[in-house]
Amino acid sequence: MGKRSRQRQKTQTAGRDSRDNAGWGAGYADIVKENKLFEHYYKEQGLVPEGEFEQFMEAMREPLPATIRITGYKSHAKEILHCLKEKYFKDIQELEIDGQKIEAPQGLSWYPDDQAWQTNMSRKIIRKSPLLEKFHQFLVSETESGNISRQEAVSMIPPLLLKIEPHHKILDMCAAPGSKTAQLIEMLHADMDVPFPQGFVIANDVDNKRCYLLVHQAKRLNSPCIMVVNHDASCIPTLKIDSDGKKDILFYDRILCDVPCSGDGTMRKNIDVWKKWTTSNSLHLHGLQLRIAVRGVEQLAVGGRMVYSTCSLNPIEDEAVIAALLEKSEGALELADSSADLPGLKWMPGVTSWKLMTKDGQWYSDWSEVPSSRHTQIRPTMFPPKEPEKLAGMHLERCMRILPHHQNTGGFFVAVLVKKAPMPWNKRYPKLRKDVSSSSAAQTGGSPAASTPADTPHLPESAQGEEGAGPAGKVSGEAEEEAPKGAPLAQETTAKQDGVCGPPPLKKMKLFGYKEDPFVFLTEEDPVFTTIQSFYDLSPDFPKLNVLTRTHEGKKRHLYMVSKELRNVLLNNSERMKVINTGVKVWSRNSDGEEFGCAFRLAQEGIYTLQPYIRSRIIRVSVEDIKVLLTQENPFLSKLEEDAHAQAKKLGMGSIVLKYIPNPNNPAEPQCPIQLCGWRGKTSIRAFVPRNERFHYLRMLGVEVFRDKQGLGQKKRDGEKEGKEGVEDEDEVEKVAEEEEGAAENEGELDLENGNGNGSSEPKTDSSNQGTSG
């Protein structure tokens with residue numbers, strides 16, 4: 001029996017590997033891009049304009065073109081855009097590959113500042129063609145450095161519609177794999193000169209493993225304002241914060257509610273959907289989607305915006321959820337008109353009538369037609385409201401549906417909700433809240449706004465009894481159906497949180513996922529700061545209280561920083577939520593550092609956060625100096641230009657900041673500041689920068705970076721894995737999460753272990769930390 005199952009496992013693995021190595025479409029020869037039920041269903045619904053259905057279906061069968069987005073908040077964005085336009089785009093246009101003429105990439109007209117680009121090539125062509133090798137390496141390397149994201153065009157829409165400002169508190173409810181989360185972080189850091197914006201992003205996902213992929217995506221942006229948590233979005237706990245000396249409830253200014261869905265808008269890249277699509281998918285998911293949306297609006301501040309989105313075209317998952325939410329809100333919510341927000345984007349207005357079809361082809365257009373035997377699968381909230389006045393007042397036409405054939409994209413649905421008043425069930429049942437959760441007793445004594453949020457995930461029983469008032473009343477059945485978005489743990493999580501969003505028992509917390517190290521904030525008197533303060537001459541306004549480590553006992557290996565606001569959230573909710581990761585690494589311990597005056601060296605990830613507070617150990621460098629530092633492993637001090645050489649000689653051995661300040665009178669040089677971590681040795685100097693970041697800076701300086709074919713086999717495979725993470729492919733993205741960290745770590749070691757013979761007295765522990773986020 002054992003032998004047979006091993007053999008079967010081997011066969012399955014071989015099949016999967018050949019499919020993965022072959023790229024888009026290969027290995028799927030048995031999947032015919034036909035689904036008669038799908039065509040029949042969408043023809044009947046009338047979502048596609050008359051006369052366009054054939055175009056719609058043809059577009060669905062074409063591979064999705066590759067799109068990239070430049071990380072907007074980085075001051076390097078203009079330099080990368082210049083590099084792309086002047087070099088890579090020019091190199092690839094007019095090429096012909098497999099009989100297909102490659103056109104120059106086009107900017108997405110509706111994306112601000114020319115920062116999103118679309119090509120007419122699929123990802124397979126970019127990955128496989130030798131003629132595009134340089135372009136592919138550029139994409140992989142810059143993606144890993146966080147300077148670009150390889151993200152589907154329609155996936156970029158929801159964060160833009162949220163209209164984020166740097167002071168906003170943001171919740172991303174179903175965040176993995178994280179490309180939208182990355183966009184949210186970028187918008188918070190719109191002003192690069194502010195190291196700690198007042199706002200923050202809390203990114204949540206129900207699947208523990210996918211949370212680590214989320215961490216990897218967020219880490220590329222090196223922000224102190226992001227926290228990744230692991231909860232079931234439909235009952236994500238209410239968080240508390242200290243506000244003017246008293247406990248208050250955390251309301252979010254912006255919420256992104258990108259719910260699990262049937263994914264029929266992704267058929268162009270996830271071609272499994274062609275054979276798996278059935279109408280029952282949306283019937284199973286509707287209840288869960290509604291519960292997540294209800295939980296979202298409960299936690300939204302009055303005046304705040306929530307964007308609800310799906311990559312499904314089905315009204316049962318789209319307008320039906322929005323209509324049910326608006327009906328429950330009794331005027332507390334309204335759909336915002338976003339028609340002018342993204343000029344250039346083509347979209348269809350939301351529909352006001354739709355029908356429902358069962359798996360066996362039975363159509364229903366009203367709840368009254370549904371036989372009682374089907375009442376568990378089909379709920380009243382799935383149908384459009386009956387009263388014409390009520391329906392007109394909802395303005396469902398303000399929803400936006402993006403069809404694939406209009407701008408050569410995937411299919412998508414998005415709606416923007418604005419909260420005008422507290423939710424009605426929060427006003428009606430304050431006493432019930434107290435009974436349900438002892439931890440909410442303190443919440444009802446504050447301001448009127450503070451007493452409004454629900455501290456429990458479900459509506460009161462009396463409200464659930466009303467027709468259409470509760471989320472379809474189908475709690476356990478819907479929890480099972482969360483699986484299509486890779487969430488097999490949904491049921492356990494729901495059960496665990498059931499009724500109470502206070503502290504879950506410690507034992508149960510460990511039943512799933514990995515046990516996380518604690519987050520321990522340092523005090524201002526911590527002995528660690530004594531040497532750090534004097535060695536780096538930290539300015540008096542350095543926020544010592546925002547520094548944390550991941551261990552209670554023993555030596556602190558790494559020090560991280562978070563913003564003041566996230567510290568507030570962490571300190572007041574440690575028992576209430578499962579935090580996977582937060583903070584940006586600013587210092588790492590090294591074994592040799594103490595003899596030079598400080599046991600902690602600077603970490604490149606946190607240099608832009610930390611540098612404004614550092615007043616010593618800084619060397620001003622020129623473009624030529626940076627080229628030397630990034631292309632030579634351990635250059636002697638004498639290799640630097642005269643000015644930098646003189647500065648370096650004045651400094652003792654140890655960690656340093658290498659700082660380039662642009663010269664506006666010389667436009668040929670990069671016009672953005674560059675800061676690198678380095679080490680001043682006895683007779684030499686070196687930069688401690690991860691490999692992909694090295695490549696990034698060299699490209700900006702006009703140095704051609706291209707790995708030759710020698711020994712490329714393994715590296716190329718790693719690169720392909722790295723390249724995937726910016727793409728919102730749910731099925732591809734699963735297997736990348738755990739491999740990523742190890743690959744990055746090994747590459748860091750390769751890069752830094754060579755050439756240690758110039759009498760540099762370098763720290764021995766750095767190489768193991770260099771390429772990874774710790």
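In which sense, left-handed or right-handed, does helix α6 pass α26?

## Basis of the model

This is a predicted model, in which local features need pLDDT of at least 70 and side-chain atom pairs count only at pLDDT 80 or more, while totals for chains, interfaces and linings use all residues. Residues are numbered from 1 along each chain as its sequence is written, and side-chain values use heavy atoms, with hydrogens and water left out.

## Helices α6 and α26

The crossing of α6 with α26 is left-handed, a term used when the near helix is turned anticlockwise from the far one by less than a right angle. Helices and strands are DSSP runs numbered from the N terminus (H or I over at least four residues for helices, E over at least two for strands). The axes of α6 (residues 133-145) and α26 (residues 691-700) come within 8 Å and cross at roughly 115°, axes being lines fitted to C-alpha atoms, for helices over the stretch in contact, with angles from 0 to 180 degrees between N-to-C directions. The two helices are therefore roughly perpendicular, a class that covers 65 to 115 degrees.

In this contact (heavy atoms within 4.5 Å), Gln137, Phe138, Ser141, Glu142, Glu144 and Ser145 of α6 meet Asn692, Glu693, Phe695, His696 and Arg699 of α26. The residues of the contact comprise two nonpolar, five polar and four charged, where Ala, Val, Leu, Ile, Met, Phe, Trp, Tyr, Cys and Pro count as nonpolar, Asp, Glu, Lys and Arg as charged, and the others, Gly among them, as polar.

## The sheet around β27

An open sheet of four strands runs in the order β26-β27-β28-β29 with mixed pairing, two strands being paired if DSSP finds at least two bridges between them. Its edge strands, β26 and β29 (685-687), each pair on one side only, and neighbouring strands are turned by 35° against each other on average, direction ignored.

Within this sheet, β26 (residues 618-620) runs parallel to β27 and is joined to β27 by three bridges, whereas β27 and β28 (residues 674-680) are antiparallel over seven bridges. Val657 of β27 stands opposite Ile618 and also opposite Cys677 in β28, while Ile656 has Gly678 in β28 as its bridge partner. Strand β27 (residues 654-660) is mostly covered, with seven of its seven residues buried, that is, under 20% relative accessible area with a 1.4 Å probe and protein chains only.

## Strand β22 and its partners

From β22 (residues 558-561), His558 and Tyr560 point one way and Leu559 and Met561 the other, and all are buried. Two bridges connect β22 with the antiparallel strand β21 (residues 547-549), and four connect β22 with β24 (residues 584-589), again antiparallel. Tyr560 stands opposite Leu548 and has Lys585 as its bridge partner in β24.

Note on methods: Buried < 20%, exposed > 50% of the residue type's maximum accessible area, 1.4 Å probe, protein only. Parallel < 35°, antiparallel > 145°, perpendicular 65-115°, else oblique.
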